[in-house]
Amino acid sequence: MAETTIPMVKALSVTKRFGTLAALDDVSLDIAQGEVVCIVGPSGSGKSTLLRCINQLERIDSGAIWVDGDLAGFRQDGSRLVELTDRDIARQRLASGMVFQRFNLFAHMTALQNIVEGPVTVLKRPRRDAIAEAEALLSRVGLAEKRDAYPSELSGGQQQRVAIARALAMQPRLMLFDEPTSALDPELVGEVLAVMRDLARSGMTMIVVTHELGFAREVASRVVFMDQGRLVEQGPPAQVLGAPQQQRTRDFIAAVLS
């Protein structure tokens, strides 16, 4: 019998409501280990909400999500599901690193200190080891010379690269990116996308909410188009972005490229 590989992420019939608005409406999606999935769609389509539910920053109303085989937010007790404590949810959340539109760096800490804080405080790693790893990560994102710079001394693109390094320092098995270039000046977008391309080539499982269709076409193994809380279409980038089957997808791509 062939070996079955557990998906890195499995969302099954997930619904999330804000009042009467169904931000996610019966969403089911599997993300394989090592896959790079770009989620595109208009504002308000549920893209960011899906990421936040995967990372348990939002609680779903129905359905279920598994991350690396673990049921998010619950544990099995015989035939019953028992809701996890906040501490256990925080522990589960360590499986994924999330990079937001805003950089959320600690303003009173240097780039190096921002990266070291999580591994030392949360993972209880020896500070010497955490510093060595942080320095390696700063080199990886092209900012070795900025280790002692404070966020106010960095450009937006540099701050976002530090934010990516900070997420990687927690050694996640999954990286979630919520429109990581949308807050950047156009000339700074490329430096962040370059780091993400390198991360994708390294085999990291990534889910990227983005409006950068060129990046999705180049890097994604699969593109998912969402609208009004539903998955409208998904498939290889050449299909979804080059020859979409659904009229709603065609209309969106035409509007973005116009």
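Residues are numbered from 1 along each chain as its sequence is written, and side-chain values use heavy atoms, with hydrogens and water left out. Because the model is predicted, local features need pLDDT of at least 70 and side-chain atom pairs count only at pLDDT 80 or more, whereas totals for chains, interfaces and linings use all residues.

Helices and strands are named here from DSSP runs (H or I of at least four residues for helices, E of at least two for strands), numbered from the N terminus. Two strands are said to pair if DSSP finds at least two bridges between them. Strands of a sheet pair through backbone hydrogen bonds, either parallel or antiparallel.

Another open sheet contains six strands in the order β8-β9-β10-β3-β11-β12, and its pairing is mixed. The edge strands, β8 (96–99) and β12 (230–235), each pair on one side only. On average, neighbouring strands of this sheet are turned by 20° against each other, direction ignored. Helix α6, which spans residues 186–201, packs on the sheet and touches β3 (36–40), β9 (174–178) and β10 (205–209). The direction of helix α6 makes about 145° with that of β10.

The text now turns to helix α5. This helix covers residues 156–169 and includes Gln159; Gln160 also lies in α5. Gln159 counts as buried because its relative accessible area is 15%, and Gln160 is likewise buried, at 0%. In these terms, buried means under 20% relative accessible area, exposed over 50%, and partly exposed in between, with a 1.4 Å probe and protein chains only. Leaving aside neighbours within four places in sequence, Gln159 is in contact with Phe103, Leu105, Pro151 and Leu154. A polar atom of the Gln159 side chain lies 3.4 Å from the backbone oxygen of Pro151. With residues up to four places away in sequence not counted, Gln160 touches Val99, Phe100, Gln101, Phe103, Pro180 and Val192.

Met170 is placed in the loop between α5 and β9. Its relative accessibility is 17%, so Met170 counts as buried. Beyond its neighbours within four places in sequence, Met170 is in contact with Leu94, Gly118, Pro119, Val122 and Leu123.

Met170 also belongs to the lining of the largest pocket, where Ser96, Met98, Arg166, Ala167 and Met170 lie nearest the centre among 24 lining residues. The volume of this pocket is about 660 Å³. The elements that give two or more residues to its lining are α2 (86–93), β8, α3 (111–121) and α5. A pocket is found on a 1 Å grid over the protein atoms alone, as an open set of points where a 1.4 Å probe fits, with protein on both sides within 12 Å along at least five of seven lines; lining residues have an atom within 4 Å of a point. Grid points are joined across faces, edges and corners, and the volume is the space filled by probe spheres set on the points.

Finally, His108 is found in the loop between β8 and α3. His108 is exposed because its relative accessible area is 57%. Apart from neighbours within four places in sequence, His108 is in contact with Gln113 and Tyr150. The C-alpha atoms of His108 and Ser152 are separated by 9.3 Å, although these residues are 44 residues apart along the chain.

How values were computed:
Axes fitted to C-alpha atoms, helices over the stretch in contact; angles between N-to-C directions. Contact = heavy atoms within 4.5 Å. Polar contact = N/O pair within 3.5 Å; in protein donor to acceptor, adjacent residues only side chain to side chain.
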